[in-house]
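Thanks for making time this morning; I would like to walk through one two-chain structure and keep to what can be computed from it. Please have the sequence and the view open while I talk.

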Amino acid sequence: MFGYYIEVTKANLARVPAHYIRKQTLVNAERFTTTELKELEDRVTGAELKVTTREQELFEEICTKLTQETPRLQMMATVIAVLDVLTALAETAAINQYARPDVNEGGTIRITEGRHPVVERLALSGGFIPNDILLDLEANRLLIITGPNMAGKSTYLRQVALIALMAQMGSFVPARSASVGLVDRIFTRVGASDNLTGGQSTFMVEMTETAQILNSATTRSLILLDEIGRGTSTYDGLSIAWAVAEYIQDRRHLGARTLFATHYHEMTQLAGLREGVKNYSVSVRERDGEVLFLRKIVEGGADRSYGIHVARLAGLPPPVLTRAREVLAQLERPATGVLPDQALENEPPPSDHTLPQPHPIIEEVRQMDLFSMTPLEALNRLAELQRRLEDEKP
Amino acid sequence: MNEAELSPLMRQYWDIKSSYQDAILFFRVGDFYEMFYKDAEVASQLLSIALTSRDKARAEPVPLCGVPYHAATGYIAKLLKAGRTVALCDQVEDPQLAKGLVRREVVRLYTPGTLIDTELLPATESNFLAAITASSRSSPQSYSSLSLGLAALDLSTGEFWVMEFQGDQAQADLQDELARLEPQELLYPMTLQAQMQPVLDRLKNLRLCAQEPSCFELEAAEQSLRKQFGVDSLDGFGCRGLSLGLQAAGAVMQYLRATQPTACLDHVRRLRVRHPDHEMHLDSVTVRNLELIRPLADHLAPNDQKPPTLLSVLNRTVTVMGSRLLRDWIIRPLVKPAPIQSRLDAVAELVEQLRARTGIRTALRSVQDVARLSSRISLGAANPRDVLALQQSVAALPEIRRHMASLRCSLLQDLARSWDDLADIHELIERAILPDAPASIRDGGLIKNGYHPPLDELRKTCREGKGWIAGLEARERAHSGIESIKCSAITSR
């Protein structure tokens with residue numbers, strides 16, 4: 001029931017003129033139309049319908065006209081996108097205090113006071129420690145970086161890769177200065193225990209990924225290996241790590257610029273045996289018998305006994321630490337694989353129990369590097385600390 | 001079921017449904033899209049809508065559910081998310097003019113790789129349909145030295161390119177490219193299923209479509225591409241000798257024609273050839289480890305506080321087009337010094353020229369997604385609001401150009417030289433479309449007075465008619481002597 005009507009209440013029905021035509025009955029009224037009204041209605045609704053149809057046609061016509069301009073619109077879309085990205089990169093460079101990198105066809109990557117673009121945003125102001133690097137195709141091809149876990153090795157590796165990548169995408173970089181000899185491919189591999197891969201054996205994944213690098217890297221590639229070989233037993237892992245490093249170092253095979261972070265202290269010996277290999281480590285300062293990681297990467301291998309310092313910080317009981325020092329001393333003697341035979345229970349009891357000491361767990365929390373931990377890792381650590389506190393209850 | 005027992009409508013339904021077995025068929029009946037049988041059962045579950053039945057009196061009632069036609073997009077989005085595809089079947093003639101049953105046709109097949117709708121696409125990500133193929137010469141035993149072809153099309157912007165991979169690392173390289181590209185849908189010849197299995201196995205979150213090998217025929221591919229681009233030869237695109245890439249591109253075109261049977265695809269105007277050697281190669285493990293686009297601990301964080309990535313730290317773009325391009329620059333750094341220098345020169349100049357930079361960025365903020373708007377207009381899928389968004393974007397262009405005038409480096413000068421204020425487009429829309437036009441063209445109210453005189457005449461007729469009716473009440477009261485007479489109109493439909 002559309003259209004115009006004349007409504008008359010029931011009370012007045014008797015007075016309705018004869019030419020009214022009944023249209024609809026309501027509870028209290030009747031609706032009528034007339035021939036004249038009907039004609040008019042047709043004209044108006046006809047026109048309304050025509051208006052809508054015509055508007056639709058006109059809109060389609062306009063769209064057709066615009067479609068003919070698609071090439072121009074697409075070109076401007078591209079121009080605007082490029083302009084937007086360039087101005088955005090400039091804005092970021094200005095705000096984050098990036099420097100213009102020198103990108104060249106040489107083989108040297110030299111970065112002064114480089115920062116990790118993402119981690120530095122998370123650190124408190126002034127909290128990020130910048131680092132330098134010199135990598136080239138000659139004497140500084142393969143840098144072995146040693147130092148305890150959690151000391152910033154992974155961040156360092158990634159920041160070198162990110163700075164090279166940013167430079168080659170045309171962005172300024174987080175560094176005081178940076179010179180980037182062109183890189184054709186970047187590879188990063190992280191040893192198994194950092195990976196949250198499910199299903200397939202994590203070591204198998206690690207090795208498959210490593211194989212991929214050795215097969216497809218070129219001399220101009222940049223390779224970052226973070227604790228490769230960790231996913232298997234110590235000797236297995238060390239020998240694989242060693243062989244991979246040798247292969248990369250060898251110019252007949254790859255000779256590619258490489259950063260190799262490892263906790264296998266033995267790897268530092270490679271520098272003495274092969275050309276192009278340099279040792280670097282995370283600098284550590286001892287103060288009042290405590291170890292501080294300075295997150296500064298310096299030339300030279302790490303002092304391996306820091307592992308034991310860390311163990312002490314972690315609250316390992318003094319007899320275990322003393323024993324560990326002995327075993328270390330034995331292992332460091334050449335041509336020995338035999339562990340010293342003196343047994344732990346023969347140790348005299350430690351005498352310093354009475355001295356008040358900060359609780360080891362408090363110290364450990366102080367040392368935790370929240371910026372390089374994933375939420376899951378942090379949660380796991382917290383759970384572990386809680387468990388240990390439970391264990392300590394008498 | 002017995003064919004003879006079917007109503008004419010259901011017979012028409014089955015005729016159409018038989019060509020779209022795998023998709024959920026949205027069958028337009030009046031103001032609803034209805035789904036029947038198995039489709040209705042599946043869709044009612046996935047969409048949480050009531051499942052009823054048609055012909056309840058019969059021994060075997062037909063399961064049925066439906067959604068209002070104007071709200072279809074939201075439901076389609078849900079079905080796509082659940083991994084389904086949707087065939088949209090419309091009434092293709094005016095029901096009032098139809099003799100007998102209204103003619104119906106599938107006007108579009110919604111698949112994840114062929115979307116163009118604002119509501120269905122994340123604004124800051126591209127949406128690729130990709131196809132891969134391998135050289136037929138190589139036997140399965142030697143697939144380590146395959147030659148491989150890849151084609152990728154973002155229908156929402158018209159970006160279309162091909163790439164080929166050779167040598168013993170071809171498969172790994174293709175794998176890495178697909179990992180960076182993140183296509184929503186991947187076509188491959190079913191004859192290569194076994195060969196491609198290692199590649200396919202590692203792909204996630206996309207729809208895999210095995211296609212008949214005939215879809216990848218070179219001659220047909222070249223022919224359909226030449227026709228698409230309106231050229232006699234594809235050599236102008238630098239495609240000579242890239243037979244695998246072209247085969248893949250041909251499969252993409254064929255798939256598009258099948259999914260968008262009625263659309264004009266004029267906005268897909270050219271094919272770019274990408275060379276693996278012109279870009280830094282980043283493999284999928286590296287992209288993940290360096291957290292370029294996505295954080296490693298992605299799945300642990302709630303959506304609104306994802307850990308930062310290189311993309312999120314660098315992304316100070318103000319348009320969605322810029323945002324998509326930045327992502328592309330990050331995963332495809334350059335390896336030739338000259339283009340890197342020219343980008344760095346431009347960034348350096350914009351760092352220095354604070355006023356120009358600020359001016360450009362401020363003006364850019366009102367630029368909408370011109371790339372996708374233009375595609376939707378060309379595909380006939382645009383509404384008045386889209387056209388107005390285009391106008392708003394174009395309006396900002398002269399100001400951006402003025403801010404660029406002081407910039408000297410070659411890349412920015414190149415941009416300025418390609419510049420087009422698109423003043424005629426702005427003028428056309430300004431003259432024609434009402435600034436408060438509704439999102440739908442259904443009820444009119446979108447064309448300005450003065451744009452088209454015959455329309456103004458029609459509108460005048462309406463107004464006068466209405467005025468005349470307003471006077472009718474008084475006349476009828478006087479004439480009949482009934483004081484309570486009311487004249488009015490039932491206008492809602």
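**Domains, interface and sheets**

Let me begin with a distance in chain A: the centres of domain 1 of chain A and domain 2 of chain A, taken over C-alpha atoms, are separated by 80 Å. The bounds, which come from an automatic or database domain assignment, are 6-68 for domain 1, 99-304 for domain 2 and 355-394 for domain 3 of chain A.

Before going further, a word on the source: this is a predicted model, in which local features need pLDDT of at least 70 and side-chain atom pairs count only at pLDDT 80 or more, while totals for chains, interfaces and linings use all residues. Residues are numbered from 1 along each chain as its sequence is written, and chains are lettered from A and ligands numbered from 1 in the order in which they are written.

Now to the interface, where 90 residues of chain A are in contact with 98 residues of chain B, contact here being C-beta atoms, placed from the backbone, that lie within 7 Å. Which helix gives the most to the side of chain A that touches chain B? That is helix H2 of chain A, residues 70-96, with 24 residues; helices (H or I, at least four residues) and strands (E, at least two) are DSSP runs numbered from the N terminus. By class, that side of chain A has 51 nonpolar, 19 polar and 20 charged residues, where Ala, Val, Leu, Ile, Met, Phe, Trp, Tyr, Cys and Pro count as nonpolar, Asp, Glu, Lys and Arg as charged, and the others, Gly among them, as polar.

On the H2(A) side the contact includes Ile80(A), Leu83(A) and Asp84(A), and on the H12(B) side Arg357(B), Ile360(B), Arg361(B) and Leu364(B). The residues of this contact divide into five nonpolar, one polar and four charged.

Turning to the sheets, chain A has an open, mixed sheet of four strands in the order S4-S8-S5-S6, with S4 and S6 (131-135) as the edge strands, each pairing on one side only. The twist averages 15 degrees from one strand to the next. Helix H4 of chain A (residues 153-169) packs on this sheet, touching S4, S5, S6 and S8, with its direction at about 115 degrees to that of S5(A). Strand S4(A) (residues 102-104) runs parallel to S8(A) (residues 177-181) over three bridges, and Asp102(A) has Ser179(A) as its bridge partner. Strand S5(A) (residues 109-114) runs antiparallel to S8(A) over four bridges, with Thr112(A) partnered by Ser177(A).

Chain B, finally, has an open, mixed sheet of six strands in the order S3-S4-S2-S1-S5-S6. Its edge strands are S3 (52-54) and S6 (104-110), and neighbouring strands are turned by 40 degrees against each other on average, direction ignored. Five bridges join the antiparallel strands S2(B) (residues 32-36) and S4(B) (residues 62-68), where Met35(B) stands opposite Cys65(B). Helix H2 of chain B (residues 37-47) lies across S1 (24-29), S2 and S4 of that chain, running at about 55 degrees to S4(B).

How values were computed:
Two residues are in contact if their C-beta atoms, placed from the backbone, lie within 7 Å. Two strands pair if DSSP finds at least two bridges between them. Axes are lines fitted to C-alpha atoms, for helices over the stretch in contact, and angles run from 0 to 180 degrees between N-to-C directions.
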